[in-house]
Amino acid sequence: MESSMEPGARPEQRVLAHTGYGRRRKLATPATQEAGAIRVGVTGKTGSGKTTVTALVAMACASRGLRTLAVDTDVSPNLGISLGLSQAAVDQAREVPRALVAGWGGGAVTTDQLVTSFGTTTPSGVTLLHAMRVSDDPGGCWCPAHASSRGLLAAALDGEADVALLDLEAGLDHLERSSGTVAHTDLLLIVMEPSRKSSVTAERMFTMATRHGIERVALVGNKGRQLDPVTFHDAARGFGIPLAGIVPDDPGIVEADRAGAGISLGDGPVLAGINEVLDSFL
Ligand SMILES: Nc1ncnc2c1ncn2[C@@H]1O[C@H](COP(=O)(O)OP(=O)(O)OP(=O)(O)O)[C@@H](O)[C@H]1O
Ligand SMILES: [Mg+2]
């Protein structure tokens with residue numbers, strides 16, 4: 001991918017120039033060599049399964065040969081565990097320094113260096129970046145950190161990844177600010193459990209996403225049991241957005257979480273549900 005960076009421009013500005021940032025783009029797989037990096041934000045109610053879905057989608061992308069970046073923006077990061085890292089490895093992973101991400105070190109650091117220096121390769125081949133940590137506590141508001149995730153996400157795709165997935169923290173904050181992290185994603189996946197509370201939160205998130213001009217929003221039904229597809233389909237229809245796929249309630253996921261181990265795509269209904277999600281945006 002050729003650089004269109006003006007002298008003195010920051011890497012983020014260069015990325016914006018080449019990705020047609022802010023415009024809706026037709027996404028293509030690298031297999032076709034038609035460019036096409038996609039930034040996917042994953043949001044939803046607390047405990048709905050954002051981290052689980054992010055990890056599964058990331059692993060499925062990697063298994064399709066896509067260079068996949070998973071960015072953990074949670075103040076208490078645990079995406080690495082779901083991606084198969086040990087707790088020790090997660091604890092040792094270098095977090096991207098706030099100043100570097102926010103200001104890009106005055107252009108001193110290229111995206112390549114960023115990923116090489118701060119990315120952790122996980123067993124599934126997904127590269128993990130920790131956008132911030134509790135140890136970075138700015139003492140009150142997390143706003144600068146969220147703005148940083150945006151910069152990180154944009155720059156990470158500067159030829160370094162085909163897909164970047166953002167595991168967003170629970171809550172509506174990132175959707176509330178027009179400069180919030182998700183305003184810079186190409187697609188927002190709202191994860192919903194089959195519960196009224198989850199559906200109400202999903203609707204609020206959808207409304208805010210629309211208000212902030214996010215054009216592509218889709219629902220992912222998670223922890224689906226026998227009759228739940230009807231609930232997910234009804235919810236998506238009610239919001240007027242597509243249902244990207246349904247991930248079943250899976251004892252293997254529960255067991256892995258209980259053991260603090262990585263989750264697996266398997267070769268059954270979980271894989272089928274995640275493939276549906278991938279096929280909806282790739
Ligand atoms: N498809 C599934 N089948 C069974 N259990 C699931 C599934 N998805 C998630 N879970 C379980 O639900 C719980 C919450 O999942 P997860 O941590 O992914 O949610 P989250 O939205 O990221 O939570 P938080 O808001 O705390 O970040 C975990 O115990 C996880 O194992
Ligand atoms: Mg989470």
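Trainee: What should I know about the model and its numbering first?
Mentor: Because the model is predicted, local features need pLDDT of at least 70 and side-chain atom pairs count only at pLDDT 80 or more, while totals for chains, interfaces and linings use all residues. Residues are numbered from 1 along each chain as its sequence is written, and chains are lettered from A and ligands numbered from 1 in the order in which they are written.

Trainee: How many helices and strands does the protein have?
Mentor: The protein has 12 helices and eight strands, taken as DSSP runs numbered from the N terminus (H or I, at least four residues, for helices; E, at least two, for strands).

Trainee: Which residues of α12 are buried?
Mentor: V270, G273, I274 and V277 are buried in α12, meaning that 20 or more other C-beta atoms, placed from the backbone, lie within 10 Å of the residue's own. Seen down the axis of α12, these buried residues fall within an arc of 95° (taken from the directions from the helix axis to the C-beta atoms), so they line one face of the helix.

Trainee: And what covers them?
Mentor: The cover includes α2 (50-63), β7 (217-224) and β8 (243-248), with contact meaning C-beta atoms, placed from the backbone, within 7 Å.

Trainee: Which residues meet where α2 packs on α12?
Mentor: L56, V57, A60 and C61 in α2 meet V270, I274, N275, V277 and L278 in α12.

Notes:
A residue is buried if 20 or more other C-beta atoms lie within 10 Å of its own, exposed if 12 or fewer, and partly exposed in between; C-beta atoms are placed from the backbone. Two residues are in contact if their C-beta atoms, placed from the backbone, lie within 7 Å.
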